[in-house]
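Biologist: I am new to this structure and would be grateful for a guided reading. May we proceed by question and answer?

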Amino acid sequence: MTVLPRAATSPELALLRSDNQSTRLYLSFPSFTTIYTARLAAVPGSTDKVAEITYTSGSGTLANVKADMTLFVGSSAGAYDVGIARIRKDGATLAGTLYIGETSEINWPSNAYLTVINDVNLWPRHIRIDTDGTTPLMDYDVAYTNQNQAAGSQPTPIMGPDVVLWLLGDSVTYSPDASASWVNGGTITDYLWECAGATFDDDTSATPVITFDTLGTYQLTLTVTGDNSVSFTGYRNVVVCDASHGVTAQFVLESPPTGDYEAGGWSYSVTLYDEAALSQVRDRALCILHAVDYYGDTKQSIGYVPGAENIVCIGRIAGESIVWGTADSYGSVTFNVEGPQYWFSKMTGFPTGVKDVSDATTPNKWIKVRGLTLNKALYHFMAWCSTATRCMDVYPNTDTRRIKRLEAPGGENLWAQLIEMSKRSILADPVCDAYGRFFLQINQQFISDRSSMPTVQALTNVDWYDETRLERVTVDNQSLIDLSGVAWSGTAATSFFSLAPGHVFKHYGDVEVVDRLALTDQATSNTLAGLYSAWRNNPYPRIDAKLAANHRLIDIAPYQRLTLAITTSDTPRGITQSLTVIPRAITREYDGDTGVMLTNVTFESEVTAALAVTGDTPPNPPDDPVGPIDPPVDPPPVDPGLPSDAKDIWLLVSGGTNGIKLLLSKDFFAGGEPSWAAIDVPATYNIPDHTEYNHAMTVAQDGSHLWLTGKDTGNSNRGTVWHLDNISAVRAAPATAPSWSVVMYVGQSLTPGTVAANSSLTQWVSHAVGNKLYQITTFSGTRYYSVHDGSAWAFTALSSSNFLSARANAIAFIDPVSNNYLRDLSGGIYGTSFDPVFGSNMGFDFWGLYNSALHFWVVYNKTGTTTNWLRHVNDNTEYDTGEVVGSNIMRLGGAYGGEYCYIHSSTGNLWITESGASFSLFETFTTGSGGRVLDAKLAGGGKLVRSQVTTTASNVAIFINPTRVAGNWQNMNGDLATVYPFPTSMSIRAMGLVF
Amino acid sequence: MSIYGYRIADAVNVTSGTGTLSSSGVNITGTGTNFDPELVEGSIIHADGYDLVIATVTDDTHCTVVTAPAVALSGATFTITGMSNVEALNIKPPKSAFRPWQTALTLGDGTQRGYGRPSASWAWGFVTQAQRNSLRNYCSGKSARVYIRTRKNDSSDAYVTYSAVLDWPDEEDRQAGRRLSFRLEFRDLVAL
């Protein structure tokens, strides 16, 4: 079946321009068949989250109950007064149980009547998180295996719309065309049609001829199989009618069928009288408006879908207005009938999105797609988030641009999510035609080569009546289009920037930024900018014409165009213009008294690319312009001196099959599943011996530098500090081994001396505070306060009398910028006065984050107590954690503004405070199976990050708590297990955040 | 046969035809049929959803229709509508009018195009109560679907048989047991 409409033929043009055009409209409500009946065996324990029910007294053939059919729940046989649900699995799955789409809206009465009918409708499929709290499942219990890969992708049947056939003669034939059926990454190899009561010339052909010889409603079934051996079945309805069966003419078309490109589809309303009580006219009933058309004495319908030319508009009843007439008048019911776009917009959707994974990566989750394109996202969305591919033609988007991720965080319903994903990536729009077929097509104004788009008709003066109104824009709307985006190869993104018309504004209009697009190259980016500019400044954005014909070759989708020539003498303005126009809104006006159906169309003039040039690359272009704009961060940052949210996260990991690695995620805080990249550590690097290795990797707050502290296996396991200053290059190409430099090692001769080789220095642990590295270093017996700023060291000698230990992890740095407060294990003070009451055991850790307010915290065993205390050094506020001092590991995970995290790893207790004003137990973690919490950090923007040891590959390693609400943790492993395989165990040795 | 050809029939009351029909173009061949005398010129046969006007009857198994069915008949059963000449109802031939369209629109080039199906009317200066009642048999309510044979506007003002909707007048001007200026309107004419 041809996707595109077609040009009117010469005979059709003659008919469209003939006298005595008339139409009789009919409504058909397909009469669905009852497949199975039963009674509710047991009332579910709760009305909430019901996904299966048990039944008794079943009647019918269970094997005929198919997934996505409709279940009525009623107080009497066949009734749906209690509710309507969707069958979730084929009935043969388990006798005695009906699996239904998860629902909380049915108050199940005891012994309720259950009726399964073969109405396959548009429903949402909800995503659910499995009981492990991390694994997403589709449609309640479908785990991801390989559905997003070519090997597991479901085919999408394209089998035409629901149709109405008039039985004139012994039989009537219908020839659907399924050759446009498709499957991601493959081809359709097999077709199998079924239609009980009908006969096929070849039921395995893509284009069979089906013969019907009896009046009634038929369910037409097509099972398509891809070359991946995956099959999928679609359903359509065929009504075979005559004047007395299957149709009603007793109605008034209250509002005419109207299609609107912006709205995304069609709708109409009808008023029924006696027919309103028809049992088929139920809530959400399928309602087909069709016609018997005459052009003079020629009885013929002119449309662009073969076999369905008589269809005017298809939809389902979305609402009704009931008129309770007085005794001497008559009541009526007006039904609103809406196309698929309406139903999508009424379906609340969970936040959705998919992301690309590299060609070398096998997607292992629902949200991951290798070689992500808009079409692959469309398949994911339509096949797995809804039942669309079952009941309507979903045409593929043929754009091949690879996209790093597609998300719709702000879309509250499925339609809004579709728009969000498609508009923001490739300027595509979801649209349904009058037949209820779905298209996700790039706005044809943004396609430079339109040669394949059919010109339906060249409109002349004999094709319209009354008056044609042209809106002519003479003052530009946009003075400058600033368009940008990236071409994503799967491993690298190349940014492109374009300006239309150029660097100088047009005389009038506003500046419009169009960013985050998926692009191909600079030339097409410039062309797109030119097209976008031309469209926004379209001189003829609206042309209202009343076409003097019953013209159903014109629709709002898919691609099509008409031409309209205006000569100098046509208008008082004296314009001479040959326009190619695009139908954007269509109304099929109908007068039931006269039988006249005419076509009012609002066109938009087609544009060609305006001037555009290559734009300027900003100093710091966005890293990942592809994708939606991030949603507002909530809550706002506590300290305005800090960025609102972390940007990158770095991990130092060990235990996996690839040894010690750095892992980087650049989208960890962007929402959705993160992607990770593994980065080589120095070839001779080893983790320091001391258990407090959580500062073995430290990264500057602004991401400019990264230091590794540990043992150099190539230099007698001497304590060594490695430095990495080309982080931006590493970040852009993490697969390339970075260039590490050693900035200090035991035995090295530096000014002021030789780095001492004592036991403590084989266990170096340094601190990055702000954008510098701080540590205590011993040179020839003298200890120095050491600061590395990314290029050189600065050393300040310390009084040895005040220094009892060189263990850097026990050193408190207090305001290193101005006051140089330092404290060692014994509580000795360096610098100006400081008066804590630290005991002899000053805890095990300290962590501080440089910022405008400078907050520092220290863990210590307060004199006279047996518990660990926390002190907010700035104001000496103390908190007793109640955690008994002992061998348990305690660490300050991170501070952000005035806040900090404190983890007691052994007990799993996470303590948290905000702005030093309170201190409380936030949550206790039970990781089980040998896993334990390693670290927790505050990431700004109200977020918490937590890491833990894993003991099996399935253990989760890292989490985010986006709202800082206890229990609201999300698994952020993403593709970590693929990037860094850890079949047995893994440990996150250190974690660093870049803001 | 009257010199006038105005005929009418309701679209409800039909009689079953004997035998079955097959067709080739306008030629109808019967099997086990009894065309003579079941069919006469102007009768309407209904088969396979088609309404076909009999043009000629040759014998019991052969006849022709005015317009061939789009899909040939093959062993089709059929019913028959017999048209009644208005004079057979003791009603004088009406003064008829024919409107080939319902409305006309002025096109962009200044010409007009007619839209909608033809309509027709039959008018009498008066009809008697009995004549009125005879006509009322064809439309007991506000309107009814009927078949009529009436003149169209062409070079010969030819009679053509149509399917139509008969609208009964909202008001009737009674006078001395008669209806003055009595007029029937036929809409939605489809030539058979």
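**Cavity, interface and salt bridges**

Biologist: How do the residues of the lining of the largest cavity divide into nonpolar, polar and charged?

Modeller: A cavity is a set of points on a 1 Å grid over the protein atoms alone where a 1.4 Å probe fits but cannot get out, and its lining residues have an atom within 4 Å of a point. Ala, Val, Leu, Ile, Met, Phe, Trp, Tyr, Cys and Pro count as nonpolar, Asp, Glu, Lys and Arg as charged, and the others, Gly among them, as polar. For the largest cavity, the lining divides into 11 nonpolar, 7 polar and 6 charged residues.

Biologist: Which pLDDT do side-chain atom pairs need in order to count in this predicted model?

Modeller: Residues are numbered from 1 along each chain as its sequence is written, chains are lettered from A and ligands numbered from 1 in the order in which they are written, and side-chain values use heavy atoms, with hydrogens and water left out. This is a predicted model: totals for chains, interfaces and linings use all residues, local features need pLDDT of at least 70, and side-chain atom pairs count only at pLDDT 80 or more.

Biologist: Which residues lie nearest the centre of the largest cavity?

Modeller: The largest cavity has a volume of about 290 Å³, volume being the space filled by probe spheres set on grid points joined across faces, edges and corners. Strands β16 (231-241) and β21 (311-323) and helix α2 (340-345) of chain A each supply at least two lining residues; helices (H or I, at least four residues) and strands (E, at least two) are DSSP runs, numbered from the N terminus. Of the 24 lining residues, those nearest the centre are A:Asp162, A:Leu286, A:Arg316, A:Cys391 and A:Met392.

Biologist: What area is buried between chain A and chain B?

Modeller: In this model, 26 residues of chain A are in contact (heavy atoms within 4.5 Å) with 23 residues of chain B. Buried area is the accessible area (1.4 Å probe) that two parts lose on being put together, summed over both. Carbon and sulfur atoms give 49% of the area buried here, which is about 2,000 Å².

Biologist: Which side chain of chain A meets B:Asp188 in a salt bridge?

Modeller: A salt bridge is a side-chain nitrogen of Lys or Arg within 4 Å of a carboxyl oxygen of Asp or Glu. The count between chain A and chain B is 1. At 3.2 Å, N to O, the partner of B:Asp188 is A:Arg24.

Biologist: Is A:Asp463 buried or exposed?

Modeller: A:Asp463 forms a salt bridge with A:Arg17 at 2.7 Å, N to O. The pair links distant parts of the chain, 446 residues apart, with A:Arg17 in the loop between α1 (10-16) and β1 (21-28) and A:Asp463 in the loop between β28 (455-459) and β29 (469-471). Buried means under 20% relative accessible area, exposed over 50%, and partly exposed in between (1.4 Å probe, protein chains only). A:Arg17, at 28%, is therefore partly exposed, whereas A:Asp463, at 5%, is buried.

Biologist: How far apart in space are B:Ala47 and B:Thr79?

Modeller: B:Ala47 lies in strand β5 (residues 44-47) of chain B and counts as buried because its relative accessibility is 1%. B:Ala47 touches residues including B:Leu21 and B:Phe78. Although 32 residues separate B:Ala47 and B:Thr79 in sequence, their C-alpha to C-alpha distance is 6.8 Å.

Technical notes: 1 Å grid on protein atoms, 1.4 Å probe; cavity = no way out; pocket = protein on both sides within 12 Å on 5 of 7 lines; lining within 4 Å. Lists of a residue's contacts leave out its neighbours within four places in sequence.
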